[in-house]
Amino acid sequence: MENLNWLFYAYGIAFLLLFGYLFQIGRRESALRRRIGDLQATVEEHWKK
Amino acid sequence: MREISAADPPAVPIWMAGAAALAMMVHLYLVFVWVPTEATMGIIQRVFYFHVPAAIASFVACFVGGVASILYLVKRDNKWDDLSLAANETVVVFEAVNIVMGSIWARRVWGIWWTWDAKLTSAFLLLFLYSAYLLIRRATPVEVRGPVCAVICILGMLDVPLIYMSNRIFRTMHPAPVIGGGENSGLDPRMKIVLFFGLFTMLLLWGCMVRIRRRVASLERAADDLVRRTNEMIDQGV
């Protein structure tokens, strides 16, 4: 039974690392898309003036 | 340069993300329910079905990162630098998974968390090298970043054969290889199925990660370029 707990710890940490990383790069992608959208809007606005 | 827009398709196609999620669930079912328990080590041996595929995924990532670095040095095309960065970052993630799981297994089976034997030390060296790569990448000026990082990455790739061969050449505490390890090695057919399915799952997940990270790298480049162009426009009073 104790070994089963250790097995869950091992898989838990592994999943935390893998999905934590996936979550982090997914968030970074959407933040960059927003930033590029804002920058493009700024440039377009500048040209209109 | 191609314009980036919110309407761009996602970095990972839906079918690929769905297949990775489904494969992960099936793999967990196989590991926790279907596969027989190993006779001597007991249930903790099931760490093996995630520990080994994570190691192999990190080796594949090293190889892809190394080849992309060579192509970058030859062609000087940023897409290869982006791919190399994406692959190298996943080396750190998968190697960390491999080492943490191995360490937990060792605590139960050997009674210690860590020992500096050839296999473990060379695996730690890989994690250390690629972590250093990521730090150096941040610290290096943009103009020389690509070539400097490509050279480090190619050197890092050389550690992979050392890890693979270490428990074949040296006497180590690490268990002997169960596949391709000689006469006395071998694995129960059901264990082999779970191991190979785990490898398939891990590579699918790795593919998703690399695609997203490569997209992030190209978006970062596009954002830097836009900022530079905007500043130039402001400076010229356009």
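The predicted model scores ipTM 0.90 and pTM 0.92. Within chain B, the mean pLDDT is 90, and 96% of the residues reach 70 or more. Where pLDDT is low, the predicted coordinates should not be read in detail.

Chain B comprises seven helices and zero strands, its elements running α-α-α-α-α-α-α from the N terminus on. The C-alpha trace of chain B spans about 75 × 40 × 30 Å along its principal axes. Of the 238 residues in chain B, 39% are buried. Contacts in chain B between residues at least 6 apart in sequence were also examined, and 77% of them join residues at least 24 apart.

The largest nonpolar core contains 71 residues. Within this core, the residues with the most contacts are B:V47, B:A61, B:M101 and B:W206. Both chains contribute to the core: at least two residues are supplied by α1 (2-48) of chain A, and at least two by each of α1 (14-34), α2 (48-75), α3 (78-109), α4 (118-139), α5 (142-157), α6 (159-169) and α7 (189-236) of chain B.

When residues up to four places away in sequence are not counted, B:M101 touches A:A10 and A:A14 in chain A, together with B:V47, B:F50, B:H51 and B:A54 in chain B. One of these partners, B:V47, is likewise listed among the residues with the most contacts inside the core.

Methods: Residues numbered from 1 in each chain as written. Chains lettered and ligands numbered in written order. Predicted model: local features only at pLDDT ≥ 70, side-chain atom pairs only at ≥ 80, totals over all residues. Core = buried A, V, L, I, M, F, W, Y, C linked by C-beta atoms within 7 Å. Buried ≥ 20, exposed ≤ 12 C-beta atoms within 10 Å, placed from the backbone. Helix = DSSP H or I, 4+ residues; strand = E, 2+ residues; numbered from the N terminus. Contact = placed C-beta atoms within 7 Å. pLDDT = per-residue confidence, 0-100.
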